[in-house]
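This briefing is meant for a reader who is meeting the structure for the first time. Please look over the sequence and the model shown here before turning to the points that follow.

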Amino acid sequence: LLAMDVTLRLAERVKRYRTARGWSQEELAERANLHRTFVSQIERATKKSTIVTVDRIARALEVSIGQLLDE
């Protein structure tokens with residue numbers, strides 16, 4: 001249950017930060033060096049992310065990992 005909570009929190013926050021910047025999923029994916037479909041899966045909480053992927057996304061969004069994961 002805890003892993004799903006983190007996955008859902010990450011999904012919501014990635015989408016919130018991305019849309020606040022006016023970026024498409026494709027633009028975030030390019031900035032984070034990920035595939036667009038992978039970003040989509042993260043935002044829909046259908047894909048679990050490694051800490052490396054979370055770090056790439058956080059750096060692309062210019063936020064800390066904590067901002068993406070903290071309650």
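Arginine 18 is buried in this predicted model, because its relative accessible area of 8% lies under the 20% that marks a buried residue. Its place is in helix α1, which covers residues 2–20.

**Surroundings of arginine 18**
- Leaving aside residues up to four places away in sequence, arginine 18 touches Trp23, Ser24, Gln25, Leu28, Glu43 and Leu61.

**Helices α2 and α4**
- Helix α2 (residues 25–32) and helix α4 (residues 51–61) have axes that come within 8 Å and cross at roughly 110 degrees, and the two helices are therefore roughly perpendicular to each other.
- On the side of α2 the contact is made by Leu28, Arg31 and Ala32, while α4 contributes Arg56, Ile57, Ala60 and Leu61.
- Sorted by class, the contact of α2 with α4 has five nonpolar and two charged residues, with no polar ones.
- Leu28 and Leu61, which take part in this contact, are also among the residues that arginine 18 touches.

**Positive phi values in loops**
- Alanine 45, placed in the loop between α3 (36–43) and α4, has a phi near 60 degrees, which is a positive value in a residue other than glycine.
- Alanine 45 counts as buried, because its relative accessibility is 14%.
- Glutamate 62 is found in the loop between α4 and α5 (65–69), and it has a positive phi of about 60 degrees although it is not a glycine.
- Is glutamate 62 buried or exposed? With a relative accessible area of 70%, glutamate 62 is exposed.

Definitions and conventions
Residues numbered from 1 in each chain as written. Predicted model: local features only at pLDDT ≥ 70, side-chain atom pairs only at ≥ 80, totals over all residues. Heavy atoms only, no water. Helix = DSSP H or I, 4+ residues; strand = E, 2+ residues; numbered from the N terminus. Buried < 20%, exposed > 50% of the residue type's maximum accessible area, 1.4 Å probe, protein only. Contact = heavy atoms within 4.5 Å. Axes fitted to C-alpha atoms, helices over the stretch in contact; angles between N-to-C directions. Parallel < 35°, antiparallel > 145°, perpendicular 65-115°, else oblique. Nonpolar A, V, L, I, M, F, W, Y, C, P; charged D, E, K, R; others polar.
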